[in-house]
Amino acid sequence: MKFAEFCDYLLKLEKTTKRLEMFDTLSDMFSNIDNEEIAKAVYFIQEELLPPFYNVQLGIADKVAEKAIAEAYSVDVKGLSQEYSKKGDLGELAEKYNKKNTGSEVSLSHVYNKIFDITKITGDGSVELKIKSLATLIKEVSGLESKYIIRFVLGKLRLGVGEATIMEALSKSKTGDRKFKLELERAFNLCSDLGYVAEVFYKGGEEKIRRFKIEVMRPIRPALAERLPSVHEIVKKLGKFAVDQKFDGFRSQVHKDGDKVKIFSRNLEDITHFMPEVAEAVKKLKHKRFIFDSEALTYDENTNMLYPFQITMQRKRKHGVEEKAQSLPLRLFVFDIMLLDDKDLINEPFIKRREILDKLFEENSSLARTKMIITDSESEMTKFFDDTVSNGLEGVVAKKLDAPYSAGARNFGWIKLKRSYGAALEDTIDVVILGYYRGKGIRASFGLGGLLVGVFDEKADTFKTITKLGSGFSEEQFKELKRILDDIRVEHKPARVDSILQPDIWVSPKYVLTLKADEITRSPTHTAGLENGTGYALRFPRAVSFIRKDKRAEDCNTVRDIIEMFKDQKSVKLKN
Ligand code: ATP
C-alpha cells in the first residue's frame, strides 16, 4: 500500500469519535493491505515498530524532529521551536511547512523500514545522522504523510485504537465477519505479538491460526486472577482446589532455550538485563527448553526476609544492577509452567503442570517454588491464609485443579484473596487517566487541578469514567502530571472513551494509577456500569501511586471488578 493511502486512513481514524467508525475504517484499510505489509500496518497503528519485548525504542527526541523539519523544508529552527512550544504538535508543523499536497509514491514498507533504520543509528555523530535521515524521509513525502511520520517517531500518534478493535477488523477483512476475532485473540494471547498474528493469518489463513502454539522466546500474555470476597465463597465456587502463596513481587515469565534465557515482565518487556543473577541460575538448570511463570522478590538469605515490591523496582530505575544483584539478590517464586522441552503444557490441568514444575529444579537462593496445599475445607484454607499472611505475604491465590493456563485472561481458574479484603472497600483500584481539569486557586498555577479517570469495559472495548480525582498528589506531582499528560493530549474525546462529563483537556487513555476510595456509590454522572441512568462512582478517592509503568491502560480495573467490589462492600455492610 502506498504510504499516502495509509495516511488517508490514519486521518479518518484520527477524526472519528465513534468506535464503530474506527472499526469500519480499519476493516477497510486491512482489506487493501497485502500479506507482506499487514504486520507493519498493525505495528504502526499500535504506535510501535515491534512489540515491547523486542526492546526497539522509537523515542526520537523532539529536538531531533525539530531540526529534521527545519532542514527538510528550509525553515528557521528557532522560529519552529517557538511555534512548537505554542502549538504543541510537531506533526502539524511538518504538515504546514511541507508544501506538497499530492501523496507520494513511497510504500508503507519503505517508510517503516526507513524509520527502523533511524532507530538503529547509535554512536558518535548519531544525532546528526538521525536528523539527516529523518529530513530525507519527510522530504520525499506529502504534508499529510510527514505529519504522521513525525507524530509516529515521537510516539505521539495518539490514535487510541485498541487491540480488540484491530483483531475484529482483521477478522472482518479476511472472513467477512468479526467472529474469527476469538481465534485471533487466542493466538495473540500465546505470543503477545499482534503484527505477527496478523501476518500468520494473512499468509496461512484460518487453519494456521487455529493451530497456533506457544513458542519459546515469545512471551505468553500472563494469566490473571479473579477476586472473591471470602474463603466461604471460594470454597463454594471451586469445591476441591489448590491454595497457593501470593507474593507481592515483580511478575516474571522465564524462557530458556539452550543457553539462551529471557525474562519478561507483566507488560511484556524484556527485563533479563535487570535480573542477571536469576538468568544465570536459570541457565544452569538441566532442562534445555522451558517457560515458567513466577514472581521475583528481593530476598535476604541471612535474615530470611523478603523486601516489598518498591525495593525490587528500584533496580529498574537506578543504575548498578550488578551491584544490587550482589547486595540484594532477587529470588524467583515459581508457580506455573507452560512449556517443557517440546511439550506445550498450556492446556494440561493445573495440577499436572504443578507436578511437572515440582521436578524442574532443586530450590536454591535464586529459585524457589510457592508453597501450596490442596483442600476442600474452609477451615483448612483459612488456616493456610492466616499463616501465609502472618508470614508477611500478601494473601493467597486459589487455583482450580483442572484449569488450563489461561493466557491473557482473567477468570475463576485463579481467585485471589488478599489480606486487606473484608472491610468496606479496603482494596485499591487501578484507573486510567482520561482527561484533566485546569483547576482553581493554587492548582490553577500548576495548570492542572484534577483528573477525570475511568475503568475498562472489556465487552465494549471502551473506557468508562468512574470519578474525578484531585487528591493524593504533591505540588511537584501535579506539575509533572500536567507535563506528562500534555504530551498525550488530544483534540476531542477519544473514540474508545465513554463519558458524560467533559474535562478541559482530553488525553489518550494510556496512563494507569492506583487510588483508594471510601466507598463505591451509585451515580448518574459516570458511565462505569451505567444502566437505566445509574452508573458507579467513587467517594473520596485519593491517589496512592503515581503513574504506574508496569500497567497498560487495558490492565486497569474493569467495570466488572467494580460491580463485584460494590457487591462485596454491600455484604460487608449487611453483616455489620
Ligand atoms: P492483576 O495482576 O490481577 O491485574 P494486581 O496487579 O493488582 O492485579 P493483585 O490483585 O495483587 O495484582 O494479584 C494478582 C497478581 O498476583 C498476579 O497477576 C500475579 O502477578 C501475582 N501473584 C503472586 N503470587 C502468585 C501465585 N502464586 N499465583 C498466581 N499469581 C500470583
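**A chat about the sheet, the ligand and a helix**

Mentor: Helix H17 (residues 350-358) lies across E2, E10 and E11, and H17 runs at about 145° to E10. Axes here are lines fitted to C-alpha atoms, for helices over the stretch in contact (heavy atoms within 4.5 Å), and angles run from 0 to 180 degrees between N-to-C directions. Helices (H or I, at least four residues) and strands (E, at least two) are DSSP runs, numbered from the N terminus.

Trainee: Where do these coordinates come from?
Mentor: This is a predicted model, where local features need pLDDT of at least 70, side-chain atom pairs count only at pLDDT 80 or more, and totals for chains, interfaces and linings use all residues. Residues are numbered from 1 along each chain as its sequence is written, and side-chain values use heavy atoms, with hydrogens and water left out.

Trainee: OK, what's the strand order in the open sheet of 5 strands?
Mentor: The order is E1-E12-E11-E2-E10, with mixed pairing. Strand E1 (224-227) and strand E10 (372-375) are the edge strands, each pairing on one side only. Two strands pair if DSSP finds at least two bridges between them.

Trainee: How many bridges join E1 to E12?
Mentor: There are 4, and E1 and strand E12 (residues 410-418) run parallel. E11 and E12 pair in the antiparallel sense over 5 bridges. Ile415 in E12 has Glu226 opposite, and Ala398 also stands opposite Ile415.

Trainee: How enclosed is E12?
Mentor: E12 is largely enclosed by the rest of the structure, because 7 of its 9 residues are buried. Buried means under 20% relative accessible area (1.4 Å probe, protein chains only).

Trainee: Which polar side-chain atom lies 2.8 Å from a ligand nitrogen atom?
Mentor: One of Lys399 does. A polar side-chain atom of Arg410 lies 2.8 Å from an oxygen atom of the ligand, while a polar backbone atom of Phe247 is 3.1 Å from a nitrogen atom of the ligand.

Trainee: And what do the buried residues of H7 pack against?
Mentor: They pack against helix H1 (3-15), helix H3 (38-45), helix H8 (126-140) and helix H9 (143-153). Among those buried residues are Leu108, Val111, Tyr112 and Ile115.

Notes: Buried < 20%, exposed > 50% of the residue type's maximum accessible area, 1.4 Å probe, protein only. Polar contact = N/O pair within 3.5 Å; in protein donor to acceptor, adjacent residues only side chain to side chain.
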